[in-house]
Number of protein chains: 2
Amino acid sequence: MNTAFSTPAELRALIASGVWAKPTSGILDDYQQANLAVVPQAQAYDFLLFCHRNPKACPLLAVSDIGNPMIEFHGSVMDVRCMIPRYRVWKKGELVAEPTDLGEFWQEDSVAFLLGCSHTFDAPLGRAGIPVSPEAPAVYYTNIACTSVGNIKGNMVVSMRPVEASKVPLAMNITARYPSGHGAPVHVGDPAVIGISDISKPDFGVFPGVPEGYVPVYWACGVTPQVVLPNSGGDYLFTHYAGHMMVMDHTVDEVAGFSV
Amino acid sequence: MNTAFSTPAELRALIASGVWAKPTSGILDDYQQANLAVVPQAQAYDFLLFCHRNPKACPLLAVSDIGNPMIEFHGSVMDVRCMIPRYRVWKKGELVAEPTDLGEFWQEDSVAFLLGCSHTFDAPLGRAGIPVSPEAPAVYYTNIACTSVGNIKGNMVVSMRPVEASKVPLAMNITARYPSGHGAPVHVGDPAVIGISDISKPDFGVFPGVPEGYVPVYWACGVTPQVVLPNSGGDYLFTHYAGHMMVMDHTVDEVAGFSV
């Protein structure tokens with residue numbers, strides 16, 4: 001079977017047809033990638049406000065109409081049920097499935113949220129001489145509290161990339177240009193300060209090592225909804241599986257321009 | 001009576017006590033100013049989503065809890081009922097009052113939204129050699145359609161400042177740094193293109209003239225909710241009166257940093 005692709009639309013078609021189910025890091029440079037969270041309508045207002053109050057962790061790109069799995073973003077339409085390589089499904093707070101398709105789970109009251117992803121700035125970092133591992137980035141739970149809304153509360157999740165010490169300010173400046181990629185870092189250096197006890201054991205993704213002369217740099221991560229939503233009282237929750245993102249039709253620089 | 005003030009908190013206290021009710025342009029340079037829209041809880045989700053989908057017109061700063069007139073923004077708490085110099089009140093789509101206090105109108109289901117204001121970048125423009133009139137800026141209805149949400153639909157409102165032709169790119173660059181001041185312009189030049197038939201007759205504010213060698217530059221304006229909300233089916237709507245803003249405790253550069 002042909003699994004070649006050269007555009008996000010071609011990749012999403014391969015994913016939708018079930019022939020491609022890998023992490024989306026290191027592919028289709030410069031295209032915006034997005035995290036997914038799907039909640040019942042009863043929770044949609046609180047989660048929308050949570051995204052506004054926690055823009056670093058949850059940079060909101062698009063919200064679906066209630067019950068409509070076709071989500072629109074600046075003229076591009078994506079099916080959130082099948083165009084992401086892997087999902088996670090919670091029922092009443094319990095993780096019950098990690099399927100490659102949401103079709104059988106989608107509800108009439110489902111509202112989908114696409115949130116920006118830090119894969120977004122990997123290509124701009126690379127061009128600035130700050131190469132990033134093509135594997136799924138190391139992702140950690142932290143002790144950084146989010147601003148809560150109603151029952152939606154908990155700590156931020158971060159992704160980590162090792163950066164040469166002399167290039168940390170450059171990495172901060174470049175990523176600050178991309179709020180849709182979580183913007184500037186939330187922490188630099190000692191993992192213990194943000195509650196990470198063993199940096200070599202990420203909660204998701206692949207630890208790339210931190211070579212001599214490099215510093216671990218941490219960005220807010222769109223896995224955060226998977227911490228704050230499962231026990232917030234909703235009947236269900238659907239998300240992407242960490243590292244397995246929606247790849248969108250717009251480049252990160254286009255997206256950065258849409259809101260300024 | 002002493003009407004002197006040197007901080008936003010002192011000004012808000014004077015406004016709350018009824019001794020100060022003027023436009024807020026040209027005062028307290030560099031402090032973030034904000035537009036107000038208050039809607040019933042039944043409309044809060046749609047309006048919150050409208051703000052997300054129209055970030056140039058409605059750069060969202062803060063949302064109150066339902067029924068709570070004390071709105072919080074990064075540790076600062078403001079009473080939206082009395083700390084703005086003048087308000088407008090609609091009942092079932094009809095403008096019924098333009099009071100200096102909202103106390104008698106506030107409802108148990110009221111939700112308040114503070115949206116950034118273009119007064120925000122007047123001081124940074126001035127320091128870059130682009131002086132801005134200290135009077136309330138000229139504000140116009142346009143034919144630029146907003147992205148609608150449910151019944152909330154209509155055209156964008158803009159503010160206009162004349163800029164020396166050679167400095168237009170500089171003005172665009174500076175204002176792009178302040179999404180909380182509506183960011184970069186939405187139009188430059190011919191007013192007819194965006195549906196303004198007579199630039200000398202603004203719908204609100206004061207026409208400052210456009211001297212020879214100057215170009216009119218237009219920014220999205222937080223009066224837009226006063227176009228899209230009155231006939232959207234809500235029982236009531238409260239807003240600030242154009243040019244009469246909430247002056248907040250944070251500087252525009254602090255606010256610009258909060259989300260990146």
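This is a predicted model: local features need pLDDT of at least 70, side-chain atom pairs count only at pLDDT 80 or more; totals for chains, interfaces and linings use all residues.
Two residues are in contact here if their C-beta atoms, placed from the backbone, lie within 7 Å.

Let me apply the criterion to one residue, B:Leu114. Leaving aside neighbours within four places in sequence, B:Leu114 is in contact with B:Ala34, B:Leu36, B:Leu61, B:Ala62, B:Ile71, B:Phe73 and B:Met246. B:Leu114 also belongs to the largest nonpolar core, which has 148 residues. Which members of that core touch the most other members? They are A:Leu48, A:Leu114 and A:Met246, together with B:Leu48, B:Leu114 and B:Met246. As general background, nonpolar side chains tend to be buried together in soluble globular proteins.

I turn now to the relation between the two chains. Chain A can be laid on chain B by a turn of 180° with a shift of 0.0 Å along the axis, and the RMSD is 0.0 Å. The two copies are therefore related as by a two-fold rotation axis. Which residue of chain A comes closest to that axis? A:Tyr45 does, with its C-alpha at 2.7 Å.

Next, the contact between the chains. Chain A contributes 14 residues, and chain B likewise contributes 14 residues. On the chain A side, the elements giving two or more residues are helix H2, residues 41-53, and strand E2, residues 60-63. H2(A) gives the most, with five residues. By class, this side of chain A has 11 nonpolar residues, three polar residues and no charged residues. Of the interface residues of chain A, 100% are also interface residues in chain B, so the copies meet through the same surface.

Finally, I consider the organisation within chain A. The chain is divided into domain 1, comprising 30-119 and 224-258, and domain 2, comprising 132-220. Taken over C-alpha atoms, the centres of these two domains of chain A are separated by 21 Å. Their contact takes 26 residues from domain 1 and 28 residues from domain 2. On the domain 1 side, the elements that give two or more residues are H2, helix H5 (225-228) and helix H6 (252-258) of chain A. Which of them provides the largest share? H2(A) does, with five residues. The domain 1 side of this contact has 15 nonpolar, eight polar and three charged residues.

To close, I would draw attention to H2(A): this helix gives the most to the side of chain A that touches chain B, and it also provides the largest share of the side of domain 1 that touches domain 2 in chain A.

Note on methods:
Residues are numbered from 1 along each chain as its sequence is written. Chains are lettered from A and ligands numbered from 1 in the order in which they are written. Helices (H or I, at least four residues) and strands (E, at least two) are DSSP runs, numbered from the N terminus. Ala, Val, Leu, Ile, Met, Phe, Trp, Tyr, Cys and Pro count as nonpolar, Asp, Glu, Lys and Arg as charged, and the others, Gly among them, as polar. Copies are superposed by least squares on the C-alpha atoms of residues with pLDDT of at least 70 in both. Domain bounds come from an automatic or database domain assignment. A nonpolar core is a set of buried Ala, Val, Leu, Ile, Met, Phe, Trp, Tyr and Cys residues joined through C-beta atoms within 7 Å. A residue is buried if 20 or more other C-beta atoms lie within 10 Å of its own, exposed if 12 or fewer, and partly exposed in between; C-beta atoms are placed from the backbone.
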